[in-house]
Amino acid sequence: MNLGLRNKVVLVTAASSGIGKSTAELFLKEDAKVVICSRSKEKLLETFSELSQYGNNNLFWTICDINEISDINNTVNLVKEKFGDIDILVNNCGGPTAGFFEDLDEAEFEFAYKQVLMSVVRFTKLVIPKMKIKNWGRIINITSIAVHQPVENLILSNTFRTALLGLSKTLSTQLAKNNITVNSVAPGYTLTQRIYELALHKAKQTNESHETILANMTKEIPMQRMAMPEEIAAAIVFLASEQAAYITGNSIHVDGGRVKSLF
Ligand code: NAD
(Lines give C-alpha, C1' and ligand atoms only; values in the text may rest on other atoms or scores of the structure.)
Protein backbone atom coordinates (compact mmCIF):
# COMPACT_ATOMS: atom_id res chain seq x y z
CA MET A 1 0.00 0.00 0.00
CA ASN A 2 1.40 3.41 -0.92
CA LEU A 3 0.77 5.60 2.12
CA GLY A 4 1.44 8.78 0.13
CA LEU A 5 3.88 10.15 2.71
CA ARG A 6 6.87 10.79 0.44
CA ASN A 7 8.28 14.32 1.09
CA LYS A 8 5.57 15.17 3.61
CA VAL A 9 7.03 17.38 6.36
CA VAL A 10 6.57 15.74 9.76
CA LEU A 11 7.30 17.03 13.25
CA VAL A 12 7.37 14.40 16.00
CA THR A 13 7.71 15.94 19.45
CA ALA A 14 9.37 14.21 22.41
CA ALA A 15 11.00 11.84 19.95
CA SER A 16 14.44 10.93 21.26
CA SER A 17 13.21 7.57 22.55
CA GLY A 18 10.29 5.17 22.78
CA ILE A 19 7.11 5.71 20.79
CA GLY A 20 8.23 9.08 19.37
CA LYS A 21 11.49 7.64 18.08
CA SER A 22 9.78 4.60 16.51
CA THR A 23 7.27 6.93 14.87
CA ALA A 24 10.04 9.04 13.38
CA GLU A 25 11.68 5.87 12.08
CA LEU A 26 8.51 4.65 10.35
CA PHE A 27 7.97 8.05 8.70
CA LEU A 28 11.57 7.96 7.44
CA LYS A 29 10.93 4.51 5.94
CA GLU A 30 8.04 6.14 4.04
CA ASP A 31 10.44 8.82 2.68
CA ALA A 32 8.87 11.65 4.64
CA LYS A 33 10.97 14.59 5.87
CA VAL A 34 11.15 14.26 9.62
CA VAL A 35 12.12 16.56 12.46
CA ILE A 36 12.54 15.09 15.93
CA CYS A 37 12.79 17.14 19.09
CA SER A 38 13.23 16.64 22.81
CA ARG A 39 15.12 18.25 25.70
CA SER A 40 18.43 16.39 25.71
CA LYS A 41 21.03 17.08 23.03
CA GLU A 42 22.91 13.92 23.95
CA LYS A 43 19.86 11.67 23.47
CA LEU A 44 18.87 13.48 20.28
CA LEU A 45 22.33 12.97 18.81
CA GLU A 46 22.21 9.28 19.67
CA THR A 47 18.80 8.90 18.05
CA PHE A 48 19.82 10.98 15.05
CA SER A 49 22.84 8.77 14.48
CA GLU A 50 20.71 5.61 14.78
CA LEU A 51 18.05 6.92 12.38
CA SER A 52 20.69 8.16 9.94
CA GLN A 53 20.67 4.65 8.45
CA TYR A 54 17.73 5.98 6.40
CA GLY A 55 19.90 8.83 5.09
CA ASN A 56 20.62 12.25 6.63
CA ASN A 57 18.80 14.33 4.05
CA ASN A 58 15.31 13.69 5.36
CA LEU A 59 16.09 13.94 9.08
CA PHE A 60 16.75 16.89 11.34
CA TRP A 61 16.78 17.33 15.12
CA THR A 62 16.34 20.26 17.44
CA ILE A 63 16.30 20.76 21.17
CA CYS A 64 12.84 21.62 22.45
CA ASP A 65 11.38 21.52 25.92
CA ILE A 66 7.70 21.27 25.05
CA ASN A 67 6.83 23.07 28.29
CA GLU A 68 8.53 26.24 27.00
CA ILE A 69 6.64 28.53 24.61
CA SER A 70 9.84 29.96 23.12
CA ASP A 71 11.18 26.45 22.37
CA ILE A 72 7.90 25.57 20.63
CA ASN A 73 8.03 28.70 18.46
CA ASN A 74 11.70 28.08 17.61
CA THR A 75 11.04 24.47 16.70
CA VAL A 76 8.21 25.25 14.28
CA ASN A 77 10.34 28.01 12.68
CA LEU A 78 13.30 25.65 12.36
CA VAL A 79 11.19 22.98 10.65
CA LYS A 80 10.03 25.60 8.16
CA GLU A 81 13.60 26.75 7.44
CA LYS A 82 14.85 23.21 7.00
CA PHE A 83 12.00 21.43 5.17
CA GLY A 84 9.03 23.83 4.83
CA ASP A 85 5.66 24.11 6.55
CA ILE A 86 4.56 21.18 8.67
CA ASP A 87 2.11 18.76 6.98
CA ILE A 88 1.93 16.25 9.81
CA LEU A 89 2.18 17.10 13.49
CA VAL A 90 2.60 14.26 15.97
CA ASN A 91 2.07 15.66 19.45
CA ASN A 92 3.88 13.41 21.89
CA CYS A 93 5.09 14.26 25.39
CA GLY A 94 6.89 12.65 28.31
CA GLY A 95 4.59 10.69 30.60
CA PRO A 96 3.03 12.71 33.44
CA THR A 97 4.09 11.92 37.00
CA ALA A 98 2.41 8.83 38.44
CA GLY A 99 0.45 9.01 41.67
CA PHE A 100 -2.90 9.08 43.41
CA PHE A 101 -4.80 12.32 44.07
CA GLU A 102 -3.42 12.71 47.62
CA ASP A 103 0.18 12.19 46.43
CA LEU A 104 0.23 15.14 44.06
CA ASP A 105 0.35 18.84 44.88
CA GLU A 106 -1.02 21.77 42.90
CA ALA A 107 2.32 22.44 41.20
CA GLU A 108 2.32 18.90 39.80
CA PHE A 109 -1.19 19.37 38.41
CA GLU A 110 -0.11 22.64 36.77
CA PHE A 111 3.01 21.05 35.32
CA ALA A 112 1.02 18.16 33.81
CA TYR A 113 -1.51 20.62 32.38
CA LYS A 114 1.31 22.38 30.52
CA GLN A 115 3.03 19.15 29.51
CA VAL A 116 0.01 17.20 28.26
CA LEU A 117 -2.50 19.82 27.16
CA MET A 118 -0.89 23.22 26.61
CA SER A 119 2.03 21.85 24.58
CA VAL A 120 -0.52 20.47 22.11
CA VAL A 121 -2.51 23.70 22.11
CA ARG A 122 0.67 25.67 21.35
CA PHE A 123 2.07 23.47 18.58
CA THR A 124 -1.34 23.05 17.01
CA LYS A 125 -2.06 26.79 16.94
CA LEU A 126 1.18 27.33 15.02
CA VAL A 127 0.60 24.68 12.37
CA ILE A 128 -3.09 25.09 11.54
CA PRO A 129 -2.87 28.32 9.48
CA LYS A 130 -0.40 26.79 6.97
CA MET A 131 -2.31 23.51 6.83
CA LYS A 132 -5.42 25.50 5.94
CA ILE A 133 -3.56 27.26 3.12
CA LYS A 134 -2.40 23.88 1.77
CA ASN A 135 -5.88 22.42 2.32
CA TRP A 136 -4.20 19.33 3.80
CA GLY A 137 -2.96 18.34 7.22
CA ARG A 138 -2.74 15.66 9.86
CA ILE A 139 -2.62 16.20 13.61
CA ILE A 140 -2.13 13.10 15.73
CA ASN A 141 -2.08 13.30 19.50
CA ILE A 142 -0.49 10.54 21.56
CA THR A 143 -2.53 9.88 24.66
CA SER A 144 -2.99 6.68 26.67
CA ILE A 145 -5.54 3.95 27.34
CA ALA A 146 -6.29 6.14 30.39
CA VAL A 147 -8.65 8.13 28.13
CA HIS A 148 -10.77 5.03 27.55
CA GLN A 149 -10.37 3.44 30.98
CA PRO A 150 -8.73 5.49 33.76
CA VAL A 151 -5.59 3.91 35.24
CA GLU A 152 -5.78 3.86 39.04
CA ASN A 153 -2.54 5.60 40.01
CA LEU A 154 -2.23 7.87 36.97
CA ILE A 155 -4.60 10.66 37.93
CA LEU A 156 -2.66 13.33 36.01
CA SER A 157 -2.81 11.28 32.84
CA ASN A 158 -6.51 10.46 33.40
CA THR A 159 -7.31 14.14 33.93
CA PHE A 160 -5.40 15.99 31.21
CA ARG A 161 -5.47 13.38 28.48
CA THR A 162 -9.23 13.30 28.51
CA ALA A 163 -9.14 17.10 28.14
CA LEU A 164 -6.85 16.59 25.17
CA LEU A 165 -9.35 14.16 23.70
CA GLY A 166 -12.06 16.83 23.99
CA LEU A 167 -9.79 19.30 22.22
CA SER A 168 -9.00 16.79 19.44
CA LYS A 169 -12.62 15.94 18.79
CA THR A 170 -13.70 19.58 18.72
CA LEU A 171 -10.87 20.59 16.40
CA SER A 172 -11.56 17.65 14.11
CA THR A 173 -15.07 18.91 13.38
CA GLN A 174 -13.85 22.45 12.79
CA LEU A 175 -10.97 21.48 10.48
CA ALA A 176 -12.60 18.70 8.48
CA LYS A 177 -13.64 21.07 5.68
CA ASN A 178 -9.95 21.99 5.24
CA ASN A 179 -8.92 18.34 4.78
CA ILE A 180 -7.11 18.46 8.10
CA THR A 181 -7.73 15.38 10.22
CA VAL A 182 -7.25 15.29 13.98
CA ASN A 183 -6.98 11.94 15.70
CA SER A 184 -5.53 10.39 18.83
CA VAL A 185 -3.60 7.20 19.39
CA ALA A 186 -3.92 5.72 22.87
CA PRO A 187 -1.13 3.27 23.64
CA GLY A 188 -1.58 0.42 26.06
CA TYR A 189 1.41 -0.90 28.02
CA THR A 190 4.39 -0.47 25.71
CA LEU A 191 7.98 -1.58 26.21
CA THR A 192 9.74 1.77 26.59
CA GLN A 193 11.54 3.61 29.38
CA ARG A 194 8.15 4.91 30.57
CA ILE A 195 6.77 1.47 31.47
CA TYR A 196 9.90 0.66 33.51
CA GLU A 197 9.57 3.99 35.33
CA LEU A 198 5.92 3.25 36.13
CA ALA A 199 6.80 -0.25 37.34
CA LEU A 200 9.63 1.09 39.54
CA HIS A 201 7.27 3.71 40.99
CA LYS A 202 4.67 1.07 41.86
CA ALA A 203 7.34 -1.30 43.19
CA LYS A 204 8.37 1.32 45.76
CA GLN A 205 4.79 1.64 46.98
CA THR A 206 3.99 -2.07 47.15
CA ASN A 207 7.38 -3.50 48.15
CA GLU A 208 7.22 -5.91 45.22
CA SER A 209 9.94 -6.18 42.60
CA HIS A 210 9.44 -4.22 39.40
CA GLU A 211 9.68 -7.54 37.52
CA THR A 212 6.62 -8.78 39.44
CA ILE A 213 4.79 -5.54 38.71
CA LEU A 214 5.56 -5.85 35.00
CA ALA A 215 4.47 -9.49 34.97
CA ASN A 216 1.17 -8.59 36.67
CA MET A 217 0.57 -5.75 34.21
CA THR A 218 1.15 -8.17 31.35
CA LYS A 219 -1.45 -10.56 32.78
CA GLU A 220 -4.08 -7.78 32.39
CA ILE A 221 -3.54 -7.79 28.62
CA PRO A 222 -5.57 -10.32 26.61
CA MET A 223 -2.62 -10.70 24.21
CA GLN A 224 -0.41 -11.55 27.21
CA ARG A 225 2.41 -9.29 26.06
CA MET A 226 3.22 -5.60 26.01
CA ALA A 227 3.37 -3.63 22.79
CA MET A 228 6.58 -2.84 20.96
CA PRO A 229 6.85 0.93 20.29
CA GLU A 230 6.79 0.31 16.54
CA GLU A 231 3.31 -1.23 16.90
CA ILE A 232 2.04 2.10 18.27
CA ALA A 233 3.97 3.96 15.57
CA ALA A 234 2.27 1.90 12.85
CA ALA A 235 -1.16 3.24 13.87
CA ILE A 236 0.18 6.81 14.00
CA VAL A 237 1.72 6.59 10.54
CA PHE A 238 -1.42 5.04 9.08
CA LEU A 239 -3.54 7.89 10.47
CA ALA A 240 -1.14 10.32 8.76
CA SER A 241 -1.47 8.58 5.41
CA GLU A 242 -3.62 9.38 2.37
CA GLN A 243 -5.54 6.16 3.08
CA ALA A 244 -6.76 7.63 6.37
CA ALA A 245 -8.14 10.79 4.74
CA TYR A 246 -11.71 10.05 5.89
CA ILE A 247 -10.81 9.17 9.50
CA THR A 248 -11.06 12.13 11.85
CA GLY A 249 -12.06 12.83 15.45
CA ASN A 250 -11.14 9.29 16.44
CA SER A 251 -9.15 7.82 19.27
CA ILE A 252 -7.67 4.43 18.55
CA HIS A 253 -6.39 2.33 21.40
CA VAL A 254 -3.47 0.11 20.46
CA ASP A 255 -3.42 -2.06 23.54
CA GLY A 256 -3.57 -5.79 22.81
CA GLY A 257 -7.21 -5.77 23.97
CA ARG A 258 -6.48 -4.23 27.41
CA VAL A 259 -9.36 -1.68 27.39
CA LYS A 260 -12.59 -3.42 28.38
CA SER A 261 -15.08 -0.84 27.10
CA LEU A 262 -16.95 -1.29 23.81
CA PHE A 263 -15.64 1.98 22.29
P1 NAD B 1 9.69 7.38 26.74
O2 NAD B 1 10.06 7.69 28.14
O3 NAD B 1 10.42 6.31 26.03
O4 NAD B 1 9.76 8.69 25.83
C5 NAD B 1 9.40 9.95 26.29
C6 NAD B 1 10.07 11.00 25.41
O7 NAD B 1 9.64 12.29 25.83
C8 NAD B 1 11.59 11.01 25.50
O9 NAD B 1 12.12 11.19 24.21
C10 NAD B 1 11.88 12.23 26.37
O11 NAD B 1 13.15 12.79 26.11
C12 NAD B 1 10.76 13.15 25.89
N13 NAD B 1 10.42 14.25 26.80
C14 NAD B 1 10.10 14.17 28.10
N15 NAD B 1 9.82 15.40 28.57
C16 NAD B 1 9.97 16.27 27.55
C17 NAD B 1 9.86 17.70 27.41
N18 NAD B 1 9.50 18.46 28.45
N19 NAD B 1 10.09 18.26 26.21
C20 NAD B 1 10.46 17.50 25.16
N21 NAD B 1 10.60 16.16 25.23
C22 NAD B 1 10.36 15.55 26.40
O23 NAD B 1 8.14 7.04 26.82
P24 NAD B 1 7.08 6.50 25.75
O25 NAD B 1 6.54 5.23 26.26
O26 NAD B 1 7.60 6.57 24.36
O27 NAD B 1 5.94 7.58 25.98
C28 NAD B 1 5.44 8.48 25.02
C29 NAD B 1 4.08 8.92 25.50
O30 NAD B 1 3.17 7.80 25.46
C31 NAD B 1 4.09 9.41 26.95
O32 NAD B 1 3.24 10.53 27.07
C33 NAD B 1 3.55 8.22 27.71
O34 NAD B 1 2.95 8.58 28.94
C35 NAD B 1 2.53 7.70 26.72
N36 NAD B 1 2.16 6.32 27.01
C37 NAD B 1 3.10 5.37 27.16
C38 NAD B 1 2.72 4.09 27.51
C39 NAD B 1 3.73 3.00 27.73
O40 NAD B 1 3.34 1.94 28.23
N41 NAD B 1 4.99 3.17 27.37
C42 NAD B 1 1.36 3.78 27.68
C43 NAD B 1 0.42 4.79 27.50
C44 NAD B 1 0.82 6.06 27.16
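This is a predicted model: local features need pLDDT of at least 70, side-chain atom pairs count only at pLDDT 80 or more; totals for chains, interfaces and linings use all residues.
View 1. For Ser16, a polar side-chain atom lies 2.8 Å from an oxygen atom of the ligand, whereas Ile19 places a backbone N or O atom 2.7 Å from an oxygen atom of the ligand. Residues are numbered from 1 along each chain as its sequence is written, and side-chain values use heavy atoms, with hydrogens and water left out. Local features need pLDDT of at least 70 and side-chain atom pairs count only at pLDDT 80 or more, while totals for chains, interfaces and linings use all residues.

**View 2. Residues around the ligand.** The ligand has 28 residues around it, of which Ile19, Cys93, Arg161, Thr190 and Thr192 come nearest; a residue is near a molecule or strand if one of its heavy atoms lies within 4 Å of it.

**View 3. Packing of helix α4 on helix α5.** Helix α4 (residues 106-134) and helix α5 (residues 155-175) have axes that come within 9 Å and cross at roughly 15°, the axes being lines fitted to C-alpha atoms, for helices over the stretch in contact, with angles from 0 to 180 degrees between N-to-C directions. This makes α4 roughly parallel to α5, a term for angles under 35 degrees. Helices are DSSP runs (H or I, at least four residues), numbered from the N terminus. Among the residues that meet are Phe109, Val116 and Ile128 in α4 and Phe160, Arg161 and Leu171 in α5, where contact means heavy atoms within 4.5 Å. The residues of this contact divide into 16 nonpolar, 1 polar and 3 charged; Ala, Val, Leu, Ile, Met, Phe, Trp, Tyr, Cys and Pro count as nonpolar, Asp, Glu, Lys and Arg as charged, and the others, Gly among them, as polar.

**View 4. Packing of helix α1 on helix α2.** Helix α1 (residues 18-29) and helix α2 (residues 41-51) pack with their axes 11 Å apart, at an angle of about 30°, which makes α1 roughly parallel to α2. Lys21, Ala24, Glu25 and Leu28 of α1 make the contact with Thr47, Glu50 and Leu51 of α2, and by class these comprise 3 nonpolar, 1 polar and 3 charged residues.

Key: Helices (H or I, at least four residues) and strands (E, at least two) are DSSP runs, numbered from the N terminus. Angles under 35 degrees count as roughly parallel, over 145 as roughly antiparallel, 65 to 115 as roughly perpendicular and the rest as oblique. A polar contact is a pair of N or O atoms within 3.5 Å; within protein, one must be able to donate a hydrogen and the other to accept it, and residues adjacent in sequence count only if both atoms are side-chain atoms.
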